Amino acid sequence: MALLLLGACTARRDATRTPAPARASAITVRVQHAAGTADTWSLTYELPTPSHAVRFTRPGHGYRQSHWRVLEPAGVSIERQGDEDVLTAPEGSSLRTLRLEVSTYAVKPEKDYQVFIPYSDGSVLLYTGVLGLTSGEAEPPPLLVFLTPRPGERVVVAGQSSAHEVRWEGSPQGTYAYFGSGPAVQDGVTAVVDPGMPRPLHEHIERLLPRLFALYTARTGTPLTFEPALFISFGPSPNPGSIDMSGGTLPGLVQLDIRLGANRLAEADPEVTTRVSELVAHEAAHLWNGELAVHEVAGGDWMHEGGAEAFALRALADLGTLPVEHVRTRLSRAVSECLSKLEGAPLRESSRPGKYTNYYRCGLLISAIAEASARQARPKADIFSLWGRLLRDVGPRGHYDEASLYAAFASEGVSPRTLAVIRRLVDGPNSDAESQVLAELRLLGFEPQACDGKSSRHRAPCWRVALVPFLSQ
Ligand SMILES: [Zn+2]
């Protein structure tokens, strides 16, 4: 499952987003607002063959008992059996048509997708993965979903935007469908940005998105082979100073939810603008490095997480969205935190609790030295040309691994010496990672300096780097 919380995320492992043609055995479900209500939904299922019992393909976390109700057949309820939610026909009968009513619940279950994500203007995102049913087949039957907006509203799903019924068929993994009247940005990306967020932030995101997608496409030389969708909802946070961001990624789709405290609603809060920009740019990068191409390397998350961090930093710096000093802080923090948290272990062993951020920090550090090394050979090289080479090497929907990434790096001019440093960080031994990395940073011109001028021998490493290699073109 692809899921992210507070900026942590995983790229999608499932590249099967091309809908299969509808088969006779598909279960269909029609979804719309219940007549005259804003918060209640009507679901009508048609099963291809009568079944005595069916179960939902994904867990309901108890909400199918509290917020879902079976209207037809009468007398049937959704029973929770362990992690599964089951519908059983009365003795001697079977299920064929099911009518259900669901009250909206905006609750984020731990480690699962939120089923309903409200926008501040009454629009809502619905996670279709919650709708899947099966009667026990080895492979759940295809689900054909018909989504109907209310009069005056639209449904936006999988690149379609319509004021009428939309048909969606996809993997059991599901997607988010938008029901509402908000305007969509449609310029290389279909995006619905919550109109209730502070005006300057809203305008900033709407300006940023087309430029960001155009930059990723042009600089990698690789357009997406699908129409991406981006949903950004907004709401208040009870803590006055807080900036809370969460979201999820699904095939072809980035979903972000931004919650701001009362003190963060000022006309233009620079910290909010920066953090939102970085999150949007990071998640959008996964459309290239986690979907257009994918990897399944255990312990290899540094590739897509570090790559997304580097894409975001370079793109936002080049678009003039990030102050140079902020870029310096981010790179310096990546060096310091990577060296401090590896604790001598290979980077690939960071899939443990408390260590996962190594994939971001060390991944960004690796991206930065790879880029600087390539630039010494080819002044026009950058993180996009390195990944562009990989994306062309593996082709659309191709799979990559560390060997193919290193090969692409080498082809774009990353030196054998730098690649050896990268390999060692990833595979170990890392007992002397600090001296290895600092030596490489010096050779590349990053001029690492201890934060307070003192050696960091007895404390957590803290280093400041120069930006000369990052800024030189
Ligand atoms: Zn990520």
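Domain bounds here come from an automatic or database domain assignment. With that in mind, colour domain 1 (27-174) and domain 2 (296-471) of the protein chain; their C-alpha centres lie 43 Å apart.

Before zooming in: this is a predicted model, where local features need pLDDT of at least 70, side-chain atom pairs count only at pLDDT 80 or more, and totals for chains, interfaces and linings use all residues. Residues are numbered from 1 along each chain as its sequence is written, and side-chain values use heavy atoms, leaving out hydrogens and water.

Now select aspartate 85, in strand S6 (residues 84-88); strands are DSSP runs of E, at least two residues, and helices are runs of H or I, at least four, numbered from the N terminus. Aspartate 85 counts as buried because its relative accessibility is 1% (buried is under 20% relative accessible area, exposed over 50%, partly exposed in between, with a 1.4 Å probe and protein chains only).

Next, jump to arginine 464 and glutamate 325, another salt bridge, with closest N and O atoms 2.8 Å apart. Glutamate 325 is partly exposed, at a relative accessible area of 45%.

Finish at helix H4 (residues 301-318), where 16 of the 18 residues are buried.

Key. Expected span 1.5 Å × (residues − 1). Salt bridge = Lys/Arg side-chain N within 4 Å of Asp/Glu carboxyl O.
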